[in-house]
Structures are given as structure tokens and as C-alpha cells.
Amino acid sequence: MSPVLKIYRGGKLIHTAEAVPGETLYERIIASDIYLEAPCGGRGKCGKCLVQLSPDGPKVRACQTQVSGDMDVYLPEEMHMKIAGDDAKSKTVTYTGPLGIAVDIGTTTVVAHLTDIPNCTRLATASGVNAQRTYGADVISRIQYCAENGHEVLTRVIRAQLAGLISKACKSVGANPKDIHYISIAGNTIMQHLAAGYSPVAMGVAPFTPVELFGNERPAGKDLPVADDAVLYFAPCVYSYVGGDITAGMLASDLENIKGNCVYIDIGTNGELVLKADDRYYCCATAAGPAFEGAEIAKGMAAIQGAISHVKWSAEKGLELTVIGDAAPEGLCGSGLMDALAVMVSTSAVDETGRLVDAGELEHHPISRYLGKREGKNVFWLSKEHDVYMIPGDVRKLQLAKAAIAAGIQTLLHTAGKTNKDISGFLLAGGFGSFLDQHSAATIGLFPKDFLPFARTMGNTAGEGAALALCTQAARDTLKNMMDNFEVVELSTSKIFNEQFIDQMMFEG
Ligand code: FES
């Protein structure tokens with residue numbers, strides 16, 4: 001007889017599954033379509049897929065624990081991420097129709113806006129954590145999953161999620177999904193491939209070839225609950241690592257009409273960077289790594305309840321922490337990590353090379369009381385009481401990530417024959433761009449301090465751009481024309497990038 005897994009969440013039995021002896025708990029849980037946080041996609045690297053085998057038992061990694069007979073598995077509470085714009089509450093609206101759906105498929109979240117096309121009015125928004133997250137937090141681990149298992153599962157998962165969000169948004173305002181005749185999607189090139197039913201695997205290895213670059217229309221497909229003749233439009237991608245989320249974001253930011261030279265950045269697992277200079281768009285993507293999202297950081301976590309989202313320092317008051325949900329601190333999300341690092345850099349708790357110093361070296365500095373040892377290693381305590389800290393390895397990962405982005409900016413400037421002083425616009429797009437403290441980001445050297453006076457956060461530009469492309473042919477034409485003026489700057493072979501990367505590793509404080 002096959003072993004039986006009883007899976008609990010929040011103390012309640014949520015599923016019973018027959019398992020194959022030898023498979024891992026992670027494999028059986030995701031095969032049962034149950035959400036489990038698994039940033040590395042089951043590769044044993046992130047240490048975040050923790051479950052318990054009894055209510056009070058120790059936590060074990062689901063991807064490293066094999067099924068051995070009947071087992072009870074207790075999952076952590078599901079992640080409830082605050083996603084901007086989810087207003088799918090019940091109300092009834094009248095609309096002139098036809099209706100459309102504009103979707104931002106992010107690697108982490110998916111946001112769908114139900115829109116009345118004739119007057120481009122937003123009727124409702126539905127959103128969720130990207131259901132593919134169980135297969136890896138970042139695009140690289142999802143590509144790896146597809147390389148090993150095919151892409152069909154991830155395509156099915158995202159399209160089922162889209163169908164669910166469409167139904168939810170329509171239901172919330174009493175709209176008929178069959179009145180939806182147009183869907184406009186913006187996502188990175190990998191997300192768009194998976195939503196379109198293409199394998200992204202060739203984008204995971206040199207020469208990183210996409211199946212297509214989109215910017216076109218196709219039938220929506222019978223698996224979406226929309227009009228039979230509905231059309232699906234994907235925003236154009238520039239190449240494998242600068243996708244429709246960036247071009248749609250540029251559209252929403254009206255980058256083409258901004259006077260002067262302007263840098264546009266969208267930081268997620270990758271940093272996607274665009275420099276508009278002399279009416280050309282120079283772009284690149286840097287592998288910033290998942291550090292800014294809190295993954296692979298000892299006490300890193302998503303921006304959910306219990307995450308330290310901001311850190312302030314003064315000699316009089318010491319560290320002041322802002323914790324999401326007004327809860328006890330459990331870890332740090334990306335904006336909190338950046339603030340904490342900025343405090344360490346500005347107080348010399350981290351020296352210019354990125355070394356976390358000994359408390360003794362700063363004996364007379366008030367920051368020294370936050371420096372100490374844990375398991376023999378130097379740590380920076382955010383909360384000793386709640387065991388929240390940063391270790392030298394965390395500093396190093398953030399240092400690599402910031403250096404990659406800063407060096408990417410400098411490489412684009414160099415390619416266009418510009419310097420920091422030639423820039424008069426700096427746009428920070430995406431969720432992380434909205435939450436980070438700009439002064440902290442400049443303090444750690446993520447971008448030049450010269451950009452601070454005109455730095456602007458843009459919010460969810462990909463979703464806004466998808467909505468514009470949904471409503472007018474003119475917006476879709478703008479996107480099409482933009483594509484003629486792009487120049488991709490390849491960083492992996494760039495001597496300038498390599499030199500800059502070493503320079504940008506340093507902290508100036
Ligand atoms: S360690 Fe198990 S999913 Fe990452």
C-alpha cells in the first residue's frame with residue numbers, strides 16, 4: 001500500500017495524498033497543487049520550504065525530506081502578501097463595453113485589471129501571489145524546473161490563475177466574463193513565454209534565445225473564461241532579459257516624451273536598466289540575485305507580516321524598526337535589508353570593503369551595542385530579543401547585488417557616451433522601487449547620489465502600461481515604434497562592466 005500523507009495548515013487537515021515512497025514531501029505537496037514557499041524550487045539551497053512532522057516538532061526542509069511511510073505534515077501559514085491595487089470587493093457597476101483585462105504577470109505577483117475599453121475605466125482589480133512560486137522564486141529556478149520537467153505544468157498553472165483572476169474581477173462587479181474581448185499582458189520575457197505556452201528553456205543558456213519577442217495579437221484560448229473571439233496581446237520584449245514589463249513600464253512612464261537623458265530601473269531578482277539618451281534606449285539586465293527580495297539571506301523574508309520593512313538610526317534613539325503588521329520582528333524584507341545595510345555603512349559597522357567589523361573596533365561608537373557574535377561569527381543585531389540579525393554573508397550578497405546594478409548603470413552611461421552629470425531624470429519602477437528608501441539606496445551605492453534630487457518612484461508601471469495598451473491602438477503603436485530605437489548592451493562580455501563591477505563593490509558611506 002502507498003504511504004499516506006496528511007497535510008495540515010493552520011491546525012486543519014487540508015489534504016490527504018497517496019505518496020510514492022522515496023519522493024520528497026515537497027514533490028508530493030506541489031503535485032497536490034498546494035502552495036508551499038520554495039524559492040529555490042526544491043533544490044535544497046534556500047532553506048525556506050520548512051514544514052513540521054508534528055505540531056510542535058522541529059522544522060525540516062520539505063525538499064530534503066523523503067516520504068517514509070504514513071506521515072503528518074504541518075505547513076506554515078500561507079503567505080498573504082499585500083499586493084497593490086487588489087480591490088476585488090463586491091459592488092455592481094455599469095459598463096458600456098466591450099471589456100478588457102490588463103494583466104501584469106510578475107515573477108512574484110499577478111495583478112489583473114478589469115477595464116471598460118471605450119472609456120478606459122478600471123472597474124475592478126484582482127491579484128495574487130504568482131502561483132508558479134512553488135516551482136521557484138525567480139525566473140532562473142523556473143527555467144531549471146522547465147528544463148527538467150517540461151514547461152507545460154507552469155503554463156497550466158499561470159493560465160489557470162489568470163482564469164481565476166478574470167472570474168474574480170468580473171464577479172466582484174457583476175460583469176459577464178464573456179464581454180471580455182481583449183486581454184493585454186505585460187510580463188518579463190520568461191513569464192510571457194510561459195503564459196503563451198512556450199518553453200523558456202533556451203533562454204536559460206547562451207545564447208539565451210527567446211521563442212519570440214511578442215508585441216502581437218493571438219486568440220486568447222479556450223481555457224480563459226472570456227468571449228470566444230477574444231484577442232490576447234503581449235507587450236513587446238527587447239530580448240530574453242528585458243521584457244514586456246519594461247517596455248510597458250516605459251510606456252506608462254511616458255519615457256519617450258521625457259526631455260533630457262533619463263535612467264529607468266526596475267529592480268527585482270534581476271535589475272532591468274534602461275538609459276534614454278539622445279532618443280535611443282540603451283538597455284541591459286543585471287543578475288542582481290534574489291538578495292533584495294530577502295531570499296538567500298539568513299533572516300530574509302518576503303514583505304509580509306513580521307518583516308522589518310524600514311530601519312532608522314540615530315545615536316540618541318538607537319535603531320528604530322518598522323515591522324509590517326505591527327508584529328514582533330521575524331526577519332527583514334528587501335527595503336529593510338537595504339536600510340539596515342545603509343545604517344551599517346554610514347556608521348562604519350561595515351567598512352568600505354564590505355567587512356562587518358568587530359564590536360571592539362567601534363568601541364566608543366553607539367552602534368557598537370548592535371554588533372556582536374552569534375555562533376562564532378560577527379553579526380549585526382536588529383533585534384537580539386527576537387533573534388533577528390545580519391551576518392557577513394548577507395552583507396556580501398547585498399554588496400554583489402548593488403554592485404551589479406550600479407555597474408550596469410555605469411556601463412549604459414559609458415556606452416552612450418554620458419556621465420552621471422548628464423542625467424536629469426531617474427525613474428524607479430516596480431514594487432521594490434516604491435518601497436525602498438531612496439537615501440538608503442544611494443548610501444549603499446545602488447545608484448549615484450547625483451541622481452537623488454530628481455529620483456521618482458513610478459509604482460506598478462507594467463500594469464499601467466498593459467492597461468494603456470489594452471485601450472488604444474496608439475499606445476500599441478508607441479510600443480512598436482519604441483522597439484526600433486533599442487540597443488541591447490550585453491554585460492557578460494563587457495570589459496567596462498567587469499571593471500565597474502569591481503569599483504562598485506566598494507562602499508563610500
Ligand atoms: S531548500 Fe527546499 S525549496 Fe529551497
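Modeller: A residue counts as buried when its relative accessible area is under 20%, as exposed when it is over 50%, and as partly exposed in between. The model is predicted. Serine 141 has a relative accessible area of 5%, so it is buried. The residue lies in helix H2, which spans residues 139-149. Leaving out residues up to four places away in sequence, serine 141 touches Pro39, Cys40, Arg43, Tyr135 and Gly136.

Most residues other than glycine have a negative phi, and most peptide bonds are trans. Cysteine 120 is not a glycine, yet its phi is positive, at about 50 degrees. The residue is found in the loop between strand E7 (109-116) and strand E8 (121-129). With a relative accessible area of 37%, cysteine 120 is partly exposed.

Phenylalanine 214 also has a positive phi, near 60 degrees, without being a glycine. Its relative accessibility is 10%, so phenylalanine 214 counts as buried. This residue sits in the loop between H4 and E10. Proline 207 is placed in the loop between helix H4 (189-196) and strand E10 (217-219).

Two packed helices are described by the angle between their axes and the distance between the axes. For helix H10 (residues 461-471) and helix H11 (residues 473-482), the axes come within 5 Å and cross at roughly 120 degrees. H10 is therefore oblique to H11. On the H10 side, Leu468, Ala469, Leu470 and Cys471 take part, and they meet Gln473, Ala475, Arg476 and Leu479 of H11. Sorted by class, this contact has 6 nonpolar, 1 polar and 1 charged residues.

Helix H7 (residues 392-415) packs with helix H12 (residues 495-504) at an angle of about 135 degrees, the axes being 8 Å apart. That makes H7 oblique to H12. The crossing of H7 past H12 is right-handed. H7 contributes residues including Leu400, Lys402, Ala403, Gln410 and His414, while H12 contributes Ile496, Phe497, Gln500, Phe501 and Gln504. By class, the contact of H7 with H12 has 8 nonpolar, 6 polar and 1 charged residues.

Definitions and conventions: Residues are numbered from 1 along each chain as its sequence is written. This is a predicted model: local features need pLDDT of at least 70, side-chain atom pairs count only at pLDDT 80 or more; totals for chains, interfaces and linings use all residues. Side-chain values use heavy atoms; hydrogens and water are left out. Helices (H or I, at least four residues) and strands (E, at least two) are DSSP runs, numbered from the N terminus. Buried means under 20% relative accessible area, exposed over 50%, partly exposed in between (1.4 Å probe, protein chains only). Axes are lines fitted to C-alpha atoms, for helices over the stretch in contact, and angles run from 0 to 180 degrees between N-to-C directions. Angles under 35 degrees count as roughly parallel, over 145 as roughly antiparallel, 65 to 115 as roughly perpendicular and the rest as oblique. Contact means heavy atoms within 4.5 Å. Ala, Val, Leu, Ile, Met, Phe, Trp, Tyr, Cys and Pro count as nonpolar, Asp, Glu, Lys and Arg as charged, and the others, Gly among them, as polar. A crossing is left-handed if the near helix is turned anticlockwise from the far one by less than a right angle, and right-handed if clockwise.
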